[in-house]
Amino acid sequence: MTERAAIETLLLSAYEARVQGDLDGVMAFFHPDCRFHFMGAEDLGPMCSPQTGCAAVREQMAGLIGTFAFSKFRTLGLLVEGARASFHWSADVTHVPTGRTQSFEAVDLVTVEDGKVRSLTQFTDTASVMRLGSA
């Protein structure tokens, strides 16, 4: 699956599942040999360590979905070239334990293989994410 429209549909559907907090729905879009990396200094904690394989990515996604709820999600840009995509988006992110909310922008670099997300690397303001979650 390398057609632009198919990759756009895949990504928009995957992010819709994320906004809804649907872990199973999110994971249905990942390749069995997937990789996820929330970019940031590894000393910020395990959240910023790359995860490889569905079990590890699922555990990471479960933690993120349980901790951070999304609302007001907007697509700001989506570029597709072959099997690779760059997805620029924004959302209001609520830290579920504290109830604090902040607006964020992110850029995700995605590689698609066999109609699934093989690799996703997410870039956002990790310092603000950590502050949002601090007491």
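Biologist: Is Gly82 buried, partly exposed or exposed in this model?

Modeller: In this predicted model, Gly82 sits in the loop between strand 3 (68–81) and strand 4 (84–95). Buried would require under 20% relative accessible area and exposed over 50%. Gly82 has a relative accessibility of 42%, and therefore counts as partly exposed.

Biologist: How many Å apart in space are Gly82 and Leu10, C-alpha to C-alpha?

Modeller: Gly82 belongs to the loop that joins strand 3 (68–81) to strand 4 (84–95). Along the sequence, Gly82 and Leu10 are separated by 72 residues, while in space their C-alpha atoms are separated by 14 Å.

Biologist: Turning to Phe38, is this residue buried or exposed?

Modeller: Phe38 lies in strand 1, which covers residues 30–38. The cut-off for a buried residue is under 20% relative accessible area. Phe38 has a relative accessibility of 5%, so Phe38 counts as buried.

Biologist: Which residues have the most contacts inside the largest nonpolar core?

Modeller: In soluble globular proteins, nonpolar side chains tend to be buried together. Here the largest nonpolar core has 35 residues, and buried residues make up 40% of the 135 residues in the protein. Those with the most contacts inside this core are Leu11, Phe30, Met61 and Phe68.

Biologist: With which residues is Leu11 in contact, leaving aside its neighbours within four places in sequence?

Modeller: Leu11 is among the residues with the most contacts inside the largest nonpolar core. Once its neighbours within four places in sequence are left aside, Leu11 is in contact with Leu78, Ala85, Val110 and Val117.

Biologist: In what order do the elements of the protein run from the N terminus on?

Modeller: The protein has 4 helices and 6 strands. Read from the N terminus on, these elements follow the order α-α-β-β-α-β-β-β-β-α.

Biologist: What is the radius of gyration of the protein?

Modeller: The elements run α-α-β-β-α-β-β-β-β-α from the N terminus on. For 135 residues the globule rule gives 14 Å, and the value for the protein is close to this, so the protein is as compact as a globular protein of that length, with a radius of gyration of 14 Å.

Definitions and conventions: Residues are numbered from 1 along each chain as its sequence is written. This is a predicted model: local features need pLDDT of at least 70, side-chain atom pairs count only at pLDDT 80 or more; totals for chains, interfaces and linings use all residues. Side-chain values use heavy atoms; hydrogens and water are left out. A nonpolar core is a set of buried Ala, Val, Leu, Ile, Met, Phe, Trp, Tyr and Cys residues joined through side-chain atoms within 4.5 Å. Buried means under 20% relative accessible area, exposed over 50%, partly exposed in between (1.4 Å probe, protein chains only). Contact means heavy atoms within 4.5 Å. Helices (H or I, at least four residues) and strands (E, at least two) are DSSP runs, numbered from the N terminus. The radius of gyration is taken over C-alpha atoms; the globule rule is 2.2 Å times the number of residues to the power 0.38.
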